[in-house]
Amino acid sequence: MVMLEPWELMSASKDVLGISALERILKVGHNQIYRQVRNPEFSEDCVRSPIQRIRTLTYELDQRGERELAEGILNYMAEGADMHVTPNSCKQPDKDSIEGECLDDYPPLMELHEAIRNGADLRELERLAEHAKSEIEETVTAVRMEREG
C-alpha cells in the first residue's frame with residue numbers, strides 16, 4: 001500500500017464510512033471532519049486529524065524511552081483490524097556472545113509460562129510474549145551477525 005498523508009487517510013475513511021459515521025465515531029461535527037480531510041498545501045482552513053495526534057503521541061513517548069507504552073497504543077489501535085504492530089528493524093543483541101543471548105531468552109519465556117499457569121490477564125500475556133519474542137529476535141540477530149561476518 002502506498003503511504004498516504006493523514007488528511008488522505010481521513011478523506012478515504014470519510015468516503016468509505018460516510019460523514020455521519022465519522023461524526024459518531026470521532027464525536028465531532030462535520031465541519032471539523034471536513035477540516036481534517038483537506039489538503040494542507042491548498043487549504044488554510046485545515047486541522048490535524050486524530051491520526052496525526054496519535055502519531056505525535058507515540059513518537060513523543062518513544063523519544064522519552066517509553067517504547068513499550070507507544071507499542072501498546074499502536075497495538076490497541078491495530079487490534080480493531082485484527083493486526084499487530086512489529087518494529088521495522090531487527091532487535092540488536094545486548095549480550096557479548098551468542099551463549100549470553102541464548103541464556104537471556106529463558107527468563108522472559110519462563111515469566112510468560114508462569115503467568116499462563118497463574119491465569120494472568122490476556123493483555124499481560126501478550127506483553128510478556130512480546131518481550132520473549134524480542135529476546136529471541138536478539139539471539140537470532142546475534143547468530144546472523146556471527147555467520148555473515
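Modeller: A pocket here is an open set of grid points, on a 1 Å grid over the protein atoms alone, where a 1.4 Å probe fits and protein lies on both sides within 12 Å along at least five of seven lines. In this predicted model, the largest pocket has a volume of about 1,500 Å³. Its lining comprises 35 residues, and those nearest the centre are Leu9, Ile51, Arg55, Leu74 and Met77. At least two lining residues come from each of α1, α2 (19–26), α4 and α5 (67–79). The most is given by α4, which supplies 9 residues. Divided by class, the lining of the largest pocket has 23 nonpolar, 7 polar and 5 charged residues.

Two of the contributing helices, α1 and α4, also meet each other. The axes of α1 (residues 6–17) and α4 (residues 50–63) come within 8 Å and cross at roughly 135 degrees. Angles of 65 to 115 degrees count as roughly perpendicular and those over 145 as roughly antiparallel; α1 and α4 are therefore oblique to each other. On the α1 side the contact is made by Pro6, Leu9 and Met10, and on the α4 side by Pro50, Ile51 and Gln52. This contact of α1 with α4 has 5 nonpolar residues, 1 polar residue and no charged residues.

Definitions and conventions: Residues numbered from 1 in each chain as written. Predicted model: local features only at pLDDT ≥ 70, side-chain atom pairs only at ≥ 80, totals over all residues. Heavy atoms only, no water. Axes fitted to C-alpha atoms, helices over the stretch in contact; angles between N-to-C directions. Helix = DSSP H or I, 4+ residues; strand = E, 2+ residues; numbered from the N terminus. Parallel < 35°, antiparallel > 145°, perpendicular 65-115°, else oblique. Contact = heavy atoms within 4.5 Å. Nonpolar A, V, L, I, M, F, W, Y, C, P; charged D, E, K, R; others polar. 1 Å grid on protein atoms, 1.4 Å probe; cavity = no way out; pocket = protein on both sides within 12 Å on 5 of 7 lines; lining within 4 Å. Points joined across faces, edges and corners; volume = space filled by probe spheres on them.
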